[in-house]
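Please find below my notes on the model under review. They take up the domains, the chain as a whole and the ligand site in turn.

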Amino acid sequence: MADPLLRVEALAKSFGALKATDDLTLEVADGEIHALIGPNGAGKTTLVNQLSGELKPDHGRVLFDGHDITTLPVHERPHLGLVRSFQITSIFPDFTVLENVALSAQSRTGHSFHFFAPVRRDRVLNRIAGEALAAVGMKAEADRPAHALSHGQQRRLELAMALVLKPRLLLLDEPMAGMGPDESAFVVDVLRGLRGEVTMLLIEHDMDAVFALADRITVLVYGSAIATGTPAEIRENPAVREAYLGEEEPA
Ligand SMILES: Nc1ncnc2c1ncn2[C@@H]1O[C@H](COP(=O)(O)OP(=O)(O)OP(=O)(O)O)[C@@H](O)[C@H]1O
């Protein structure tokens, strides 16, 4: 494999006696959609929290594009292209959908919210925001206040807010959670359309979505990776079947 975009090396994180991340090594190749699956409590979110910088590892390293970012502050990671989506807290509920995306686009340039008035009038930011909303099927909602959106629409708004940051690696923690089948299928299509353009690390419990999207899958159990491979390899892997997939075979 060429140099990976993301390399997690011997990462470890404990909560008391519980090893939530246990000597984990993982590589995400440039351009791939890499899914992370595993039973409840396997440590998926704990890993993403360490990649986004919200949680400090006890040991090990996180290398992004060859740079050691293990201790880099949260807010500096998006500037390198490492972006986490689906953080409801990042939405301003009283601002419109378009304004939220425009603000996110503006944050790329490093300006603060003191400049919000100009943002409303900034044609370039509004165009970029409008395109991102169209990409996630939310153009019709542009002028609605964010608080009026359904849960699924908020998640699509967050995806648009992440996309305008021009991520190189997008961390997606259960992007389809709380969505009905149609909306979920739509988001799968959106993510599939981004393949090759945006590298993704995807945590998702919807196995149909995972097997439809992923180029490679890593299976976490008790904080360790028990297997990494293509969907076909993972489907056939006896240890995976025993540990995780059980009777519920993906289509
Ligand atoms: N802040 C914390 N303090 C103590 N224990 C924690 C903390 N965060 C997570 N854990 C524990 O670490 C383990 C891994 O949790 P994590 O949320 O990362 O798993 P997960 O694979 O994302 O699970 P799920 O699929 O249910 O979301 C669990 O046993 C959880 O209870």
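Which domains does the domain assignment of the protein chain give?

1. The assignment, which is automatic or taken from a database, gives domain 1 (1-81 + 167-251) and domain 2 (89-165). This is a predicted model, in which local features need pLDDT of at least 70, side-chain atom pairs count only at pLDDT 80 or more, and totals for chains, interfaces and linings use all residues. Residues are numbered from 1 along each chain as its sequence is written.

2. The C-alpha centres of domain 1 and domain 2 are 26 Å apart. Their contact (C-beta atoms, placed from the backbone, within 7 Å) takes 10 residues from domain 1 and 10 residues from domain 2. On the side of domain 1 that touches domain 2, helix H7 (residues 181-193) provides the largest share, 4 residues. That side divides into 8 nonpolar, 1 polar and 1 charged residues; Ala, Val, Leu, Ile, Met, Phe, Trp, Tyr, Cys and Pro count as nonpolar, Asp, Glu, Lys and Arg as charged, and the others, Gly among them, as polar.

3. The protein chain holds 10 helices and 10 strands (DSSP runs, numbered from the N terminus: H or I of at least four residues, and E of at least two). In the protein chain, 66% of the contacts with a separation of 6 or more join residues 24 or more positions apart.

4. Around the ligand stand residues including Phe 15, Leu 18, Lys 44, Thr 45 and Thr 46. Strand S2 (18-28) and helix H1 (44-52) each give two or more residues to this shell, and H1 gives the most, with 3 residues. By class, the shell has 4 nonpolar, 6 polar and 1 charged residues.

Definitions and conventions. Near = placed C-beta within 6 Å. Contact = placed C-beta atoms within 7 Å.
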